[in-house]
Amino acid sequence: MERLGTGIGWRPEIADAVERMPGIDWVETVAENVCPGHLPESLIRLRERGVTVIPHGVSLGLGGAERPDAGRLAALAERVEALGSPLVTEHIAFVRAGGALTASPLLEAGHLLPVPRTRDALDVLCENVRIAQDALPVPLAVENIAALISWPGEEMTEGQFLYELADRTGVRLLIDVANLHTNHVNRGEDPAKALAELPLEAIAYVHVAGGFERDGVWHDSHAHPVPRPVLDVLTDLASRVSPPGVLLERDENFPEPDELERELGAIRGALEKGAAQRTEESGTAGKEVSRRTEPVREDSRQAESAREAAEPARQRLGLAQAALLSALVAGTPVPEGFDRVRLGVQARALAGKRADVVAKVAPELPVILGDRYRRAFLGYTHGHPMTGGYRRDALDFAGYLLADGRCEDARVRAELREWWLERSGPAPRSRRPGVRLARATRRVLLRR
C-alpha cells in the first residue's frame, strides 16, 4: 500500500492555510464538493507541488439495500481521474431507504447511518462494494462510521464485520479512530477489542477528528479539537501496525492555522508513542493482532453465489432500513428493539444537520428570514422528510413557508417568493438587463 504520510482534510475555508502548512504530505477532499471540470485553484496548486489529493465520497450509500447508483459511481470515477488520485474512499453506511425495493417513499437521511452487523447486511454490503470496485479506476477503501444508535439482533462485532468484509472483497479499510471512540461512549464498544479483530494489513489510512460529549452522548462533530482519548486510540493502533497515512479532519468552527498545526503535532506524537511501543514489543509475544498476507477477493463463482444470496437479503435489509429511517425523519413508530431515547437524540441531530447544511447550500434563506430561520426550518422537518437532497430541501422549505400564509411578514414573504421563483423553474430566470432592472426595482419598492 502506498505510504501517504501526514495529511489534513482540505476545505475551502482553510485552503490558504493548508497550502502554507509545513509537513503536509497529502489532503483529502469531499468528492461531492468538487467539480471535475472546475477544480479549485488551491487543489491544482497542491497537486502541482506533488501533494496527493484523495476524494472522499459521502453519498454512495454502500451499506444501503439498493445497488450503488451507476451515475454516482461514474461521477466519483470522474473526480478520481481529475484529481489524479491513487485511491478513493467511501463509508460503510446507508444514507437513503425506501423506494421501489420496498414499495414505499424514497427517504434521504442527509447523514451517514449505521448498517446492522448481520449476515444479511454483510452479504449486501459485499456485493455493493464489488460493484463499486468494478466501476472505479483505482482501489477503494471504506470507512467505519460513528453511531448514536445500535441495531437490535446484531450477529458480529465491528471488528469481525470489517474483517469479513475485507476478506471477502479485498477492499481496503479507512479506520477512523475518532469513530471508534464515539462508539465506545455511545454503544459501549471497546476500541482495543475492535483493533485486535481488524485485518490491520488492509488499512489504507486513518482518520482523526474531534467531538464533544453531552448528556452521556458523544457527538462526532469534526468541529472541536481532537481529545486525548481519541489520540490514545491512535496510539493503540500505531502500537499494532504502522498506518500508511493519518489525516486530521475538521469540517466546521475552523481554528487559526497555528492550532491546526498543534493538533497535527499531537497526532504525530501519538503515532511516535505507538511506534515505540511496537518496537519494544517486537521481541516479545506482544499484542494479539489479526494478520494475513493480503486480503483475498472472492473468485467469480463465489461472487455469483453471493449475488444470488444477496437478493432476499436486500429485501429484508431494505424493509428494516426504511422502517428505521422513516422513524427518524418522518415520525413513524419506532421499530421494535430500538432505544426510543437514542432514536430521539438521533432524529433531533438529523433535523439540526439539515438546517445547518441547507443554510450553507442556500445562504440567502437565513439572511431573508433572520433569527426565525432555524426555528422555522426545524418546524418544517416535522412531517417533511428530505427526498431529493439538500438543494431540493431548500426549495421545498421555501415553498412550505410560502404556502398557506405561514410567512406573515409581507417584506420577508416577497423576498422569499423572489428567491424561490429564481431557483424553482426549469431554467434560470432571464438575465437580460431590462428584466433584471425591473426585478430589482420591484424588490426595492417592496422593502419600503
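The structure holds 23 salt bridges, a salt bridge being a side-chain nitrogen of Lys or Arg within 4 Å of a carboxyl oxygen of Asp or Glu. In general terms, side chains of opposite charge can pair when their charged atoms come close. Before I turn to individual pairs, please note that this is a predicted model, in which local features need pLDDT of at least 70 and side-chain atom pairs count only at pLDDT 80 or more, while totals for chains, interfaces and linings use all residues. Residues are numbered from 1 along each chain as its sequence is written, and side-chain values use heavy atoms, with hydrogens and water left out.

Let me begin with E19 and R45, whose side chains meet in a salt bridge at 2.8 Å, N to O. E19 lies in helix α1 (residues 15-20) and R45 in helix α2 (residues 41-48), so this pair ties together parts that are 26 residues apart in sequence. Helices here are DSSP runs of H or I with at least four residues, strands are runs of E with at least two, and both are numbered from the N terminus. E19 counts as buried at 16% relative accessibility, whereas R45 is partly exposed at 37%. For these words, buried means under 20% relative accessible area, exposed means over 50%, and partly exposed lies in between, using a 1.4 Å probe and protein chains only.

The next pair is R117 with E154, a salt bridge whose closest N and O atoms are 3.9 Å apart. R117 lies in the loop between β6 (104-113) and α4 (119-135), and E154 in the loop between β7 (140-143) and α5 (158-169), so the pair ties together parts that are 37 residues apart in sequence. R117 is buried, with a relative accessible area of 5%, while E154 is partly exposed at 27%.

A further salt bridge joins the side chains of R119 and E164, at 2.8 Å from N to O. This pair links distant parts of the chain, with R119 in helix α4 and E164 in helix α5, 45 residues apart. R119 is partly exposed at 39%, and E164 is also partly exposed, at 24%. Salt bridges that share partners also join R117, E154, E158, R187 and E189 into one network.

I now turn to helix α13. Which residues of helix α13 (residues 372-381) are buried? They are Y373, F377, Y380 and T381. These residues cover an arc of only 100° around the axis, which puts them on the same side of α13; the arc is that of the directions from the helix axis to the C-beta atoms. Just after α13, G383 takes a positive phi of about 85°.

The aromatic rings come last. Rings of Phe, Tyr and Trp (its six-membered ring) pair if their centres lie within 6.5 Å; planes under 30 degrees apart count as stacked, over 60 as edge-to-face and the rest as tilted. By this rule there are 8 aromatic pairs. Y373 and F377 form a tilted pair, 5.9 Å centre to centre with 35° between the planes. Being 4 residues apart in helix α13, Y373 and F377 are separated by about one helical turn. The rings of F377 and F397 have their centres 4.9 Å apart and their planes at 65°, so that pair is edge-to-face. F377 lies in helix α13 and F397 in helix α14 (residues 389-402), so the pair ties together parts that are 20 residues apart in sequence. F377 is buried at 0% relative accessibility, and F397 is buried at 0% as well. Finally, ring pairs link Y373, F377, Y380, F397 and Y400 into a cluster.
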